[in-house]
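Here is a quick, friendly tour of a protein model for someone meeting it for the first time. Have a look at the structure below, then read on.

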Amino acid sequence: MVKPIVIYGDPILEIKSTEVKKETPGLQLLIRDMFETMFKANGVGLSAVQIAIPLRIFVIEAHIEKENFHFRGVFINPKILREFGDLTKHPEGCLSVPGIAALVERPSSIEMEWYDENWEYHKETFDGFAARIIQHEYDHLEGEIYVDKLDKMWRDMIDPTLELIEDRAIEIPYLIR
Ligand code: ZN
């Protein structure tokens, strides 16, 4: 079921999400709802806290046709073990911060461990788009949003729009909370 998305200004986005227990009732349903909600809003990643459930889980499904890039996954209790590589700047957007994109600087590569939807353990390194989407979603689990990582120039530029979002004064083409 498509759930309303929590948007910027809601204090729940600042909560540090808690670990998921293996026997959490409704876990598969939650995962399904997260994918449905993300697809409906045309997103490429969604953390549970963005539908007001502060558990350490995010889902990703991204295609970039011209790069021949396809990446899908369910990430439960993820832990970024290290970040490495060059710092790179790329535009990011967020379903919780509608209508805005800004350049965010991040290390190009990460090593991460996590459990998938079948509670199988994984440990892998990622770089490029995959690493960036993961880092963005991981921040949500820590109660952080990318707009708080921006340099002053970008922040000054988007501040007026952030205020509009906080005041619910812009039109958002999907269900919000
Ligand atoms: Zn986001």
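What follows is a walk through the sheet, the helices, the metal site, the cores and a few loops.

## A word on the model

Keep in mind that this is a predicted model. Residue numbers start from 1 along each chain, as the sequence is written.

Five of them form an open sheet in the order 1-2-3-4-5, and the pairing is antiparallel. Strand 1 and strand 5 (121–127) sit at the edges, each pairing on one side only. On average, neighbouring strands in this sheet are turned by 45° against each other, if you ignore direction.

Strand 4 and strand 5 run antiparallel and are joined by seven bridges. One example is Ile110, whose bridge partner in strand 5 is Phe126. Tyr115, for its part, stands opposite Tyr121 in strand 5. The two strands make a hairpin with five residues between them, and in the turn Trp119 has a positive phi of about 60°.

## Helices against the sheet

Helix 1 packs on the sheet, where it touches strand 1, strand 2 and strand 3. Its direction makes about 40° with that of strand 2. Helix 2 takes another line: it lies across strand 1, strand 2, strand 3, strand 4 and strand 5, and runs at about 110° to strand 3.

How many of the 14 residues of helix 2 are buried? Twelve are, so this helix is largely enclosed by the rest of the structure. The buried ones are Ala130, Ala131, Arg132, Ile133, Ile134, Gln135, His136, Glu137, Tyr138, Asp139, His140 and Leu141. They pack against strand 1, strand 2, strand 3, strand 4 and strand 5. The length of helix 2 works out too: at 1.5 Å a residue, its 14 residues should span 20 Å, which agrees with the 21 Å between its end C-alpha atoms. Just after helix 2 comes Gly143, with a positive phi of about 80°.

## The zinc site

Which residues coordinate the zinc ion? They are Cys94 (SG), His136 (NE2) and His140 (NE2), at 2.1 to 2.2 Å. Written along the sequence, the spacing of these donor residues is C-x41-H-x3-H.

His136 and His140 are four residues apart in helix 2 (residues 128–141), so about one helical turn separates them. Are they buried or exposed? His136 has 7% relative accessibility, so it counts as buried. His140 is buried as well, at 1%.

In soluble globular proteins, nonpolar side chains tend to be buried together. Here, the largest nonpolar core has 40 residues, and Ile57, Val97, Tyr146 and Val147 are the ones that touch the most other members. Two or more residues each come from helix 1, strand 2, strand 3, strand 4 (97–115) and helix 3 (152–166). Helix 1 gives the largest share, six residues. There is also a second, separate core of 17 residues, which includes Ala130, Ala131, Tyr138 and Leu141.

Leaving aside neighbours within four places in sequence, its contacts include Val20, Leu27, Leu30, Ile31, Met34, Leu46, Ser47 and Leu141. Ser47, one of those partners, is in strand 1. At 0% relative accessibility, Ser47 counts as buried. Residues up to four places away in sequence not counted, Ser47 touches Met34, Ile57, Phe58, Glu137, His140 and Leu141.

## Two asparagines in loops

Last stop: a pair of asparagines with positive phi. Asn42 is not a glycine, yet its phi is positive at about 60°. You'll find Asn42 in the loop between helix 1 (27–40) and strand 1 (45–47). With a relative accessible area of 73%, Asn42 is exposed.

Asn68 also has a positive phi, near 55°, in a residue other than glycine. Its place is the loop between strand 2 (57–64) and strand 3 (69–94). At 74% relative accessibility, Asn68 counts as exposed.

Definitions and conventions. Predicted model: local features only at pLDDT ≥ 70, side-chain atom pairs only at ≥ 80, totals over all residues. Heavy atoms only, no water. Donors = N, O, S within 2.8 Å, 3.2 Å for Na, K, Ca; no water. Buried < 20%, exposed > 50% of the residue type's maximum accessible area, 1.4 Å probe, protein only. Core = buried A, V, L, I, M, F, W, Y, C linked by side-chain atoms within 4.5 Å. Contact = heavy atoms within 4.5 Å. Pairing = 2+ DSSP bridges. Axes fitted to C-alpha atoms, helices over the stretch in contact; angles between N-to-C directions. Expected span 1.5 Å × (residues − 1).
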